[in-house]
Amino acid sequence: MTQEEPAKKIRKIDFCSEIKVIPILDPKLTANTVPSTSYQAISLDNKKVIGQIIGRLKELPERLQHLKRVGKDGSVLISESREGAEKIIDELGNGEVRVENLKTVQVPSIKPSTRRQFDYAKQLWPTGFHPDHEIERLLDGTFLTSSHREYISSWIQKAIEIGNGSIAVQDSVLLSSASPSAHPLGHSVMEMVGSLPKRSESEYLGTGCDVFLANEPCAMCAMALVHFRVKRVFYACESKNGVLKEASAARFR
Ligand SMILES: [Zn+2]
């Protein structure tokens with residue numbers, strides 16, 4: 001927009017300096033800890049036996065496959081129940097694997113989703129972890145580079161300027177934009193998704209696009225965004241009937 005244009009009613013904000021982007025993440029990702037469960041482990045005096053024993057044990061249950069079999073002190077996970085562990089020891093028939101060396105340990109019952117959760121989990125028991133770099137950047141704030149900030153602020157500003165607008169963008173290209181219509185259900189999101197361009201049959205109309213909204217969407221609009229498979233949603237103002245405050249999206253202030 002050039003300076004010669006007449007002033008609009010909307011107060012112009014220097015978005016780039018004032019903008020504060022707050023990611024809304026699943027509480028499962030923002031939690032610092034992971035739940036734990038108890039398991040039976042056995043201490044082995046002769047560390048050479050560990051390899052032999054592990055070779056003869058059944059795999060850990062599917063839901064606990066993130067756990068390493070051997071703890072930091074060299075003890076080995078045997079079974080969830082004391083009874084099961086005693087039976088296994090009996091079947092092993094190895095004089096060095098004795099029931100009196102069984103102990104109850106606490107192990108993380110789910111695989112950590114974030115580095116913070118991993119740091120907690122590994123204190124309990126050695127655990128596998130595959131960091132998701134995008135989530136880590138959202139959590140530590142480094143996702144918001146200056147070019148990203150500019151990208152978000154310029155599109156969100158356009159959404160405000162067109163009047164309670166909704167804009168879909170992909171690869172920095174405008175796909176569709178709309179303001180509310182006179183129809184009772186003509187919310188800006190519904191109008192916007194209605195004019196998303198056609199794609200190949202295998203793709204949803206909103207696959208991979210970012211949506212910028214002046215206002216937080218209501219339940220109907222949020223569901224539409226889910227159905228159209230948009231990638232991210234940014235909004236400027238919270239609304240009374242908004243449903244994203246506690247969902248996975250990114251919002252603006
Ligand atoms: Zn709506």
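## The three-stranded sheet

An open sheet is built from three strands in the order E3-E2-E4, with antiparallel pairing. Strands (E, at least two residues) and helices (H or I, at least four) are DSSP runs, numbered from the N terminus, and two strands pair if DSSP finds at least two bridges between them. Strand E3 (76–79) and strand E4 (102–108) stand at the edges with a single partner strand each, so one side of each has no neighbour in the sheet. On average, neighbouring strands of this sheet are turned by 55° against each other, direction ignored.

This is a predicted model, in which local features need pLDDT of at least 70 and side-chain atom pairs count only at pLDDT 80 or more, whereas totals for chains, interfaces and linings use all residues. Residues are numbered from 1 along each chain as its sequence is written.

Three bridges join strand E2 (residues 36–42) to E3 in the antiparallel sense, and alanine 41 stands opposite leucine 77 in E3. Helix H4 (residues 82–92) lies across E2, E3 and E4 and runs at about 105° to E3; axes are lines fitted to C-alpha atoms, for helices over the stretch in contact, and angles run from 0 to 180 degrees between N-to-C directions.

E5 and E6 run antiparallel and are joined by five bridges, with alanine 168 opposite serine 176 in E6. Two residues lie between the strands of this hairpin, in which aspartate 171 takes a positive phi near 50°. E5 is also joined to E7 by four bridges, again antiparallel; here the bridge partner of alanine 168 is valine 211. Four of the five residues of E5 are buried, so E5 is largely enclosed by the rest of the structure. A residue is buried if 20 or more other C-beta atoms, placed from the backbone, lie within 10 Å of its own.

E7 and E8 run parallel, joined by five bridges, and aspartate 210 stands opposite arginine 232 in E8. The chain passes from E7 through H9 to E8 in a right-handed β-α-β crossover, meaning that the path runs clockwise with the strands pointing away from the viewer.

Definitions and conventions
Buried ≥ 20, exposed ≤ 12 C-beta atoms within 10 Å, placed from the backbone. Contact = placed C-beta atoms within 7 Å.
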